[in-house]
Amino acid sequence: MLANLHNADIPRPVLDVLRRLRELGFAVFLVGGCVRDMVRGVPPKDFDVTTSAHPHEVQAAFKKVIPTGIQHGTVTVVIGGTHVEVTTFRSEGDYHDGRRPSTVKFESDITEDLSRRDFTINAMAYDPISRDLVDPFGGQADLQAHVIRCVRDPHERFSEDGLRPMRAVRFATVLGFMLEPSTRAAIPPTLPVFRKVALERVREEFVKVLLSPRAESGLVLLAETGLLEVFLPELARADAEAARLARAAAHAVPAEAELRMAALLADLVTGPQARELGIRLKFPNKVAETVGLLVEHAVLEKRFSDGDPALRRLLARTGLGQLEPLLAVARARVQVRSPERLPEFTQLQERLRALAAAKPPLTTKDLALTGGDIMATLGVGPSAIVGEATRFLLDTVLDEPSLNQPEKLKELLRTWQAGKGR
């Protein structure tokens, strides 16, 4: 593992920051997730630097510095267009809100800084210039053992920041690790702190679990630790078989948030409930709307014997852009619930794709007559009857798309108007 660390590709601007601070006599290291990833042989997404230099000393050392979180010791050094986050070694006071420390104290000792971090695998620091790895809590050993372990007392760590239990499950899921027993045991007693966490932060961690290749095991772990009950009781309270099938369906669709949420919820809630659930979890409105729509129409088994007009109406309700997402969610459900019906599903899928490819009129905008044309044909001005006539025409062409021609629609309108006059 040390070989991975020493051979890691570290961007030149990051090395320049490290060298400059060392030249000025400060201790300086890469820290946290980037060290964890380099030890594993995985290219880091970003690089965080920690130093004994205080924020004003870092600002004085470089030409361009952004005071991104200066009150907590963090500034961003800009070199050649690259942003490098630099944070002063620090210790923290008590946490009163389950998220932020009440006070921050700058330190000169890297070990003191690492002791405040969440998990041992994130509590390592590395100096690529001297090639020194600082690992006071056994992070490297836990990486080798595939274990997520809190730094020091897990109950204390989880009581400080209520999101940490969720992060523990996320790391275990994404990395394929196990929770160290005392770390796992500390989650249920600290759920009251977790309940204080903003749902935006919970959602971000949950989506990472949901999109993982090991999403099923992550969902089980969320349920077993009591975390799931806090933010997704609809799944947590489902009976064991319903929950198992929901997890399996979510795992069976491509790793996209809308698809996995829809597959997870399709047999637990209605479409409107799914939409409200998405809003509750602070998903963007568009995502919540999409999840609700997919859930509402996900049970395609009941449409295996539908005729073309009914299937065109389905396409009209979902929109052509949602056909493939809907098919992905519906297939996942059939695959885990009734695999013997997959041939029937495939037939329906091909029928829907063929109908969509024919580009039938599905909305009032697709009609061969405009609102003005309809008013001229009926000899009326803007009124409720125009909307009624428009809906009649759309309903007609959904049954028979070949009728969507100006003269044919005008003839249909006249006949319809005459019938209403009787």
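## An aromatic pair in the interior

Let's start with Phe206, a buried residue whose relative accessible area is 0%. This is a predicted model, and five aromatic pairs turn up in it. In one of them, the ring centres of Phe206 and Phe231 sit 5.2 Å apart with the planes at 65°; anything over 60 counts as edge-to-face, so that is what this pair is. Phe206 belongs to helix H11 (residues 199–210) and Phe231 to helix H13 (residues 227–231), so the contact ties together parts 25 residues apart in sequence.

Phe231 is buried too, at 2% relative accessibility.

Ser212 is found in the loop that runs between H11 and helix H12 (215–224). Is Ser212 buried or exposed? With a relative accessibility of 3%, against a cut-off of under 20%, Ser212 counts as buried. Leaving aside residues up to four places away in sequence, Ser212 touches Thr173, Val174 and Arg260.

Now for Phe392 and Trp416. Their ring centres are 5.5 Å apart, and the planes make an angle of 15°, so this pair is stacked. Phe392 comes from helix H23 (residues 384–399) and Trp416 from helix H24 (residues 406–421), so the pair links parts that are 24 residues apart in sequence.

H23 itself passes a simple length check: at 1.5 Å a residue, its 16 residues should span 22 Å, and the end C-alpha atoms are 23 Å apart, which agrees. The buried residues of H23 are Val386, Ala389, Thr390, Leu393, Leu394, Thr396, Val397 and Leu398. A bit of helix geometry is handy here: an α-helix has 3.6 residues a turn, so residues three or four places apart point the same way.

The same kind of check works for helix H18 (residues 285–297). Its 13 residues should span 18 Å at 1.5 Å a residue, and the end C-alpha atoms lie 19 Å apart, which agrees.

Which residues of H18 are buried? They are Val287, Ala288, Thr290, Val291, Gly292, Leu293, Leu294, Val295 and His297. What do these buried residues pack against? Their partners are helix H16 (257–265), helix H17 (271–280), helix H19 (308–318) and helix H20 (323–337).

## The seven-stranded sheet

On to the strands. Seven of them form an open sheet with mixed pairing, in the order S3-S4-S5-S2-S1-S8-S9. Strand S3 (65–69) and strand S9 (132–134) stand at the edges with a single partner strand each, so one side of each has no neighbour in the sheet. From one strand to the next, the twist averages 30°.

Helix H3 (residues 33–40) packs on this sheet, touching strand S1 (28–31), strand S2 (48–51), S8 and S9, and its direction makes about 70° with that of S1. Strand S8 (residues 125–127) pairs with S9 in the antiparallel sense over three bridges. Within that pairing, Tyr126 has Leu133 in S9 as its bridge partner.

## Domain layout

How is the chain divided into domains? The domain assignment gives domain 1 (2–138), domain 2 (146–232), domain 3 (238–360) and domain 4 (371–421). Between the C-alpha centres of domain 1 and domain 4 there are 69 Å.

Conventions: Residues numbered from 1 in each chain as written. Predicted model: local features only at pLDDT ≥ 70, side-chain atom pairs only at ≥ 80, totals over all residues. Heavy atoms only, no water. Pairing = 2+ DSSP bridges. Helix = DSSP H or I, 4+ residues; strand = E, 2+ residues; numbered from the N terminus. Axes fitted to C-alpha atoms, helices over the stretch in contact; angles between N-to-C directions. Contact = heavy atoms within 4.5 Å. Expected span 1.5 Å × (residues − 1). Buried < 20%, exposed > 50% of the residue type's maximum accessible area, 1.4 Å probe, protein only. Domains from an automatic or database assignment. Phe/Tyr/Trp six-rings, centres within 6.5 Å; stacked < 30°, edge-to-face > 60°.
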